[in-house]
Amino acid sequence: ISFFFVVVVKHSKREIKMRKLDSTKVRPLKSEQLLHIEDHDFALRPGFGGSPIPVGIDVQVESIDSISEVDMDFTMTLYLRHYWKDERLSFRSNKNKSMTFDGRLIKKIWVPDVFFVHSKRSFIHDTTVENIMLRVYPDGNVLFSLRITVSAMCFMDFSRFPLDTQNCSLELESYAYNEDDLMLYWKHGNKSLSTDEHISLSQFFIEEFSASSGLAFYSSTGWYNRLFINFALRRHIFFFVLQSYFPAMLMVMLSWVSFWIDRRAVPARVSLGITTVLTMSTIMTGVSASMPQVSYIKAVDVYLWISFLFVFLSVIEYAAVNYLTTIEERKQLKKRGKASGMYIDAVQAMAFDGCFHDTDVDMDLSAFSDPCEENETRTSETNISNVDTPRLKRKRSLKGNVGRIILQNNHAIDTYSRIIFPSVYIVFNFFYWGLYI
C-alpha cells in the first residue's frame, strides 16, 4: 500500500507540473500584463462618452509608382503614421522608455479606422512580415505606423493634353467615427507631409506637395474630418513633340512638295497626296489609342486635325489645278482648230501616263525632252546619225533652265499655294503654342 501511495503521489506531482507548463501557453504575455490589456474593453474608443479623441496624422511619401490616363488613377506608396493617447495603455517605467511592438498586438487594442476615400486598391506590405509598427509610451501616448501602397482616383482634365497640369489628391478619413467621436488633424501642420527627394516620374514633373484638411458630410451619419494630400503634376512635352507634333509637321511640309511638281505629273502628285493623308490618319489613331475616350476636344486633337486639314487641302488643291488645266487646254485646242478626237486622245494620254502630248507648244518648252518626248523622238528617228551637235547643245542648255521651265509649266494656283499654305501654317503654330503654353 505504501508503494502504491508513493507511485500515485509522484504521478500527481508530474501531472501538476505538466499543467503548469501548459498554462503558460495561454497566459498573457509579459508586455500584455504590463499594459493591462485584459483589464479593459478595447472595443470602445479612448474616452468613450466624452469629448472626441484627437488623432494626429503625418505622411511620408516614398514613391509615386504610376499615373494612368486611361483609368484616371494613380498609385502611391507611403508611410502612414497615427498619433493618439489611450490612458488604458499607460504603464510604469523607471527609465521612462517606450515599448515597441509589431502587428500582432494591433488586434487586441483600439486603433483609428482611417481609410482612403476614392481608393480602388490598397494593401499593407507584408514582406518579410507585415510592415506595421506600434510604439507605446508610459503616459499612454501611442504611435501607429503602416507602410501602404494605394491606388486612388484622380479626376483629370485632358482639354489641354499634352500641355496639361493635373492636380490629384489622396484623401484620408475615419470610416466609423464622425467628428463627435474622433478629430482627425495633421500632426505637424504643413510639415506633416514629407516626400522622398528621389521621387521622379517618366511623363510628369512633380511641381508641389501640400497638405490640407476639411469636412465631409454624409446624410445618414453626419460630418467627418477629412485630410488631403495634394500634389500637382506637369506633363513632359518632349515625348509628345517627338511622337506626335514633329511627325505631323513633317507630313504637312511633305504635302507642300506637290506644289513644286509639274501639274501634268498626275501619278506623282496624287500618290504623294494620298500617302501623306494616310500617314496623318495613322498618327491620329496612335494618339487616340493611348487616351481615354473623353467627349471633349483635347489640345493635341486640335493640332492633329488642323494638320490633317492642311494635308487634305493640298490634295484638293491639285484636283482644282488638274481640272482648271483641262479646261484651259480644251479652250486652247478649240482655238487652234484641233479636232475633238485628237483632243480627247491627248487628254486621256496625259491622265494615264502623266505626259502632255500637245505638239503645238512654245519653242522654249519644245527643248524640254522628258521621257515621253524622248520615246516619241526615238520612234521618229530613222537613223541615229541625225543627232547632231546643235541638239546636244540645246540639251545642255536645258539643264540650267529646268527651274524656269517647271515654273512655266505650273498653274497659277500652285504659285499662290507655295506662299499661302506655309504662311497660314506658321501663323497657326504661333497661335497654338502661344495659347496652350
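**Briefing: aromatic pairs and a helix contact**

Y224 is buried, at 4% relative accessible area (buried is under 20%, exposed over 50%, partly exposed in between, with a 1.4 Å probe and protein chains only). The model is predicted: local features need pLDDT of at least 70, side-chain atom pairs count only at pLDDT 80 or more, and totals for chains, interfaces and linings use all residues. Residues are numbered from 1 along each chain as its sequence is written, and side-chain values use heavy atoms, with hydrogens and water left out.

**Overall**
- The protein has 11 helices and 12 strands (DSSP runs numbered from the N terminus: helices are H or I with at least four residues, strands E with at least two).
- Of its 437 residues, 37% count as buried.
- Among contacts with a separation of 6 or more, 77% join residues 24 or more positions apart (contact means heavy atoms within 4.5 Å).

**Aromatic pairs**
- The whole structure holds 27 aromatic pairs (rings of Phe, Tyr and Trp, the last by its six-membered ring, with centres within 6.5 Å; planes under 30 degrees apart are stacked, over 60 edge-to-face, the rest tilted).
- W84 and F144 pair edge-to-face, 6.4 Å centre to centre with 85° between the planes.
- W84 sits in strand β2 (residues 73–85) and F144 in strand β7 (residues 141–153), so this pair ties together parts 60 residues apart in sequence.
- W84 is buried at 3% relative accessible area, and F144 is buried at 5%.
- Y218 and Y224 are also edge-to-face, at 5.5 Å between centres and 85° between planes.
- Y218 is partly exposed, at 30% relative accessibility, while Y224 is buried.

**Helices α5 and α11**
- The axes of α5 (residues 299–335) and α11 (residues 412–436) come within 12 Å and cross at roughly 175° (axes are lines fitted to C-alpha atoms, for helices over the stretch in contact; angles run from 0 to 180 degrees between N-to-C directions).
- That makes α5 roughly antiparallel to α11 (over 145 degrees; under 35 is roughly parallel, 65 to 115 roughly perpendicular, the rest oblique).
- Contact residues in α5 include Y303, F310 and E317; those in α11 include D414, F421 and W433.
- The contact residues divide into 17 nonpolar, 4 polar and 2 charged (nonpolar: Ala, Val, Leu, Ile, Met, Phe, Trp, Tyr, Cys and Pro; charged: Asp, Glu, Lys and Arg; polar: the others, Gly among them).

**Ring cluster and a charge over a ring**
- Ring pairs link a cluster that includes Y245, W256, F259, Y303, F310, F421 and W433.
- R418 lies over the face of W260, 4.1 Å from the ring centre (NZ of Lys or CZ of Arg within 6 Å of the centre and within 35 degrees of the ring normal).
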